[in-house]
Amino acid sequence: MAEFDYEEMINKVVDADEQGLMNAVKNALNLGANPSDIIMKGIGAGLKIVGDRYERGEFWLTNLVSSADIVQKALKEIIEPEIVRRKEVRKSLGKIVIGTVEGDVHDIGKSIVIAMLVAEGFEIFDIGTDVPTKAFIDKIKEVNADAVGASAMLTTTALKQKELADALKKEGLIRKVQYIVGGVAASKEWAEEIGASYAVDSVETPKVLKKILGIS
Ligand code: B12
């Protein structure tokens with residue numbers, strides 16, 4: 001199949017046109033585009049433009065929030081169900097608890113990472129944003145998770161990623177549960193310092209998780 005043209009979908013995200021985005025996503029699926037490309041090349045690329053314009057002062061907060069809202073809707077209502085439908089017979093690659101750390105409400109990147117992990121066949125337990133360290137630990141124990149992912153977007157909240165690393169050690173979970181961090185406040189160096197793995201984006205995250213979980 002020829003490479004799908006994502007320009008229209010990108011524009012719908014930038015314009016925060018909800019119905020337009022829903023139609024563009026359905027159309028792309030009907031034409032054979034795969035969900036992970038839709039996430040990365042369509043809505044991910046659109047969100048990047050919105051984020052950049054907001055940072056340059058060309059977009060208001062309302063633009064940002066509206067685009068994020070319609071993207072979350074398209075992910076939840078169309079893309080994730082489609083992913084689940086496609087992998088009906090696939091076995092789960094592992095249970096992953098994922099959340100944004102305490103004091104931090106950014107969740108757009110986390111949602112995209114989750115969508116990609118679902119697409120790859122992981123079982124996801126999304127514990128939301130502003131999540132205290134103890135709630136991560138409780139959920140890991142409750143579902144007997146294979147790995148935990150913590151997102152942090154603020155320099156201040158990255159410290160909570162370290163707090164979770166320390167808590168995993170204290171609880172004796174560190175060998176049993178793999179720990180991966182991400183978000184703009186994290187880096188490879190930071191992850192090494194706190195004893196976690198790191199992935200820069202939603203394309204790299206499933207690859208890193210497969211590697212650290214020993215899945216070929
Ligand atoms: C959108 C946004 C917001 C939105 C969030 C809406 C939402 N529902 O998420 C709103 C307006 C609420 C917001 C609020 C604030 N924000 Co803000 N925000 C952003 C912005 C513009 C874009 C973030 C984004 O969504 N990017 C798009 C996604 C797709 O990319 P991503 O998040 O990086 O995610 C990718 C990777 O990081 C990775 N990833 C993400 N999570 C995870 C998790 C794991 C486990 C893994 C492996 C990978 C991974 O994969 C993702 C997909 O590829 C950034 C700017 C920037 N450069 O990032 C600032 C930014 C993060 N915000 C910032 C700030 C300062 C704030 C506020 C403090 C502003 C204020 N004064 O009130 C508040 C804090 C609120 C809080 N307590 O959390 C600063 C942080 C600076 C710092 N060093 O601390 C930034 C960097 C802007 C800046 N340059 O100053 N923000």
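This is a predicted model: local features need pLDDT of at least 70, side-chain atom pairs count only at pLDDT 80 or more; totals for chains, interfaces and linings use all residues.
Local features need pLDDT of at least 70 and side-chain atom pairs count only at pLDDT 80 or more, while totals for chains, interfaces and linings use all residues. Residues are numbered from 1 along each chain as its sequence is written.

The protein is assigned domain 1 (7–86) and domain 2 (95–212), with bounds from an automatic or database domain assignment. Their centres, taken over C-alpha atoms, are 24 Å apart. Contact (C-beta atoms, placed from the backbone, within 7 Å) joins 13 residues of domain 1 to nine residues of domain 2. On the domain 1 side, α4 gives the most, with seven residues. Helices (H or I, at least four residues) and strands (E, at least two) are DSSP runs, numbered from the N terminus.

Helix α1 (residues 7–14) and α3 have axes that come within 8 Å and cross at roughly 45 degrees. Axes are lines fitted to C-alpha atoms, for helices over the stretch in contact, and angles run from 0 to 180 degrees between N-to-C directions. From α1, the contact is made by Met9, Ile10, Val13 and Val14; residues from α3 include Gly42 and Ile43.

The ligand is surrounded by 35 residues, the closest being Ile108, Gly109, Gly149, Gly182 and Asp201; a residue is near a molecule if its C-beta atom, placed from the backbone, lies within 6 Å of it. At least two residues of this shell come from each of α3 (35–55), α4 (61–86), α5 (108–120), β3 (147–151) and β4 (178–182). Each of domain 1 and domain 2 contributes at least three residues to the shell.

Note on methods: Two residues are in contact if their C-beta atoms, placed from the backbone, lie within 7 Å.
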